[in-house]
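Have the viewer open as you read.

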Amino acid sequence: MLKFLILFVLCFTSSALAEGVTCSNIVPLKNRRYNISLTDFGGVGDGRTLNTKAFREAILQIQHLGREGGALLHIPPGVYLTGSFNLTSHMTLYLAPGAVIKATQVTHNWPLTAPLPSYGRGRELPGGRYMSFIHGDGVNDVVITGENGTIDGQGDIWWNMWRKRTLQFTRPSLLELVNSTNIIISNLIFVNSPFWNLHPVYCSNVVVRFVTILAPHDSPNTDGIDPDSSSNVCIEDSYISTGDDLVAVKSGWDEYGIAYGRPSSDITIRRVNGSTPFSGIAVGSETSGGVENVLAEHINLYNTGVGIHIKTDTGRGGQIRNITVLDVYVEGARKGIKIAGDVGGHPDDKFDPKALPIVKGITIKNVRGVKVLQAGLIQGLRNAPFTGICLSDINFLGVKGSARSPSWKCSDVLGAAHQVSPWPCSALTSNQPGSCANHSQV
């Protein structure tokens, strides 16, 4: 943990010039009229007592206070074991220093919820899903914060069920908010999620800031933050080290996402640092509702599978456009950049193979990488080439002492490149300074 925190501080120092820039003001922080404590409802922080009833009764009380400005639910120092619980509108969940909300590992009566309509089924298995550990559906004005308290999903029991193939339904996320608005998640540590960590889906006006998200690198599908068919999302100043993508922007799966038709748009990812065997900053692979207007900047990645990964597949449909990635440092990666149209599975055999994704207007600038095995791979689709790809001021160095240079591979792509080393591919024409940005919108 100390190593993670040291890297975190160093990374923020290296991007000090960008520290004054923030999008967090899209959601104003509100004071609550009432403060209540979990202990007022019988909460016991001994790490053994089950507090599910205390959480549910406290949140029910806040629901009644909603018309009067809502309330703050204070979690004192201690370890509060609990089952899954639902949030309500106009509430602040506040974890004091040393406070831990820990998920029970008794899973046989874990609540179930319906599949998301843009997925048509659980992401892992047909049918419904286990409800997230902390859940909100249709809520407004919710703050989940504290003084670096911890939300612990105790996910190892779920990971083992996944490995043994004994799961009946898709694993629960750690925190999922559905059809919700005006959300702030900040100043907390999230550890050992059973599945995806933070999953805002069909949401708008979401701020995630100053969070640490940790899970072992061999934990399956423990994505850090997955904005999904959501708009106006701000992700800043956070450290993530998990077993899957650190940040992955999504918008539904094949025919279900196409039918639901809700894109992810206007998403900013800034000053995020971390490590993963998969992707650092990703779009996809579930992008059937479309993804547009994404900005990722001042990103630092260490020991990562793919630094920047835009991924889709035949049958996805949807448009991925106006994606801008700036000022990225990668140290140790299999691939620096990957943009591919053959990634991801399908929910069933009902997808339309003629539903080809459109990928255009991808700008990647000011990227530095060391110990990178392959600089990049851009693999479009024969009947839907990727267009408007702009690579500028990119330099990848291989592993010291290796005879192999970190080369590029490309197919079915149109775009431009300027000052890229090693030089990418002939499909990306040489361009002069200033013209690449215009070319990216083709």
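## Disulfides and aromatic contacts

Cys23 and Cys234 are joined in a disulfide, with 2.0 Å between their sulfur atoms. This is a predicted model, so please read every value here as computed from it. The torsion about the S-S bond of this pair is about 85 degrees, so the disulfide is right-handed. Cys23 lies in the loop between α1 (2–14) and β1 (34–37), while Cys234 belongs to strand β17 (residues 231–241), so the bond ties together parts that are 211 residues apart in sequence. Cys23 is buried, at a relative accessible area of 12%, and Cys234 is buried too, at 0%.

How many disulfides does the structure hold? There are two. Cys410 and Cys425 form a disulfide as well, with an S to S distance of 1.8 Å. Here the torsion about the S-S bond is about -65 degrees, so this disulfide is left-handed. Cys410 sits in strand β24 (residues 408–411) and Cys425 in the loop between β25 (413–421) and β26 (428–430), so the pair links parts that are 15 residues apart in sequence.

What about Cys203? Cys203 takes part in no disulfide, and the nearest cysteine sulfur, which belongs to Cys234, is 15 Å away.

| Residue | Relative accessible area | Class |
|---|---|---|
| Cys23 | 12% | buried |
| Cys234 | 0% | buried |
| Cys410 | 25% | partly exposed |
| Cys425 | 12% | buried |
| Cys203 | 0% | buried |

Now to the rings. A pair of aromatic rings is described by the distance of the centres and the angle of the planes. The structure holds 10 aromatic pairs. One of them joins Trp110 and Trp158: the ring centres are 5.5 Å apart and the planes stand at 85 degrees, so the pair is edge-to-face. The cut-off behind that label is an angle over 60 degrees. Trp110 is found in the loop between β7 (99–103) and β8 (112–113), and Trp158 in helix α3 (residues 156–164), so the contact ties together parts that are 48 residues apart in sequence. Are these two tryptophans buried or exposed? Both Trp110 and Trp158 are buried.

Trp110 and Trp158 also belong to one aromatic cluster, together with Phe55, Phe85, Tyr130, Phe133 and Phe169.

One more ring is worth a look in your viewer: the charged end of Arg123 sits over the ring of Trp253, 4.0 Å from the ring centre.

Definitions and conventions
Residues numbered from 1 in each chain as written. Predicted model: local features only at pLDDT ≥ 70, side-chain atom pairs only at ≥ 80, totals over all residues. Heavy atoms only, no water. Phe/Tyr/Trp six-rings, centres within 6.5 Å; stacked < 30°, edge-to-face > 60°. Helix = DSSP H or I, 4+ residues; strand = E, 2+ residues; numbered from the N terminus. Buried < 20%, exposed > 50% of the residue type's maximum accessible area, 1.4 Å probe, protein only. Lys NZ or Arg CZ within 6 Å of the ring centre and 35° of its normal. Disulfide = S-S within 2.5 Å.
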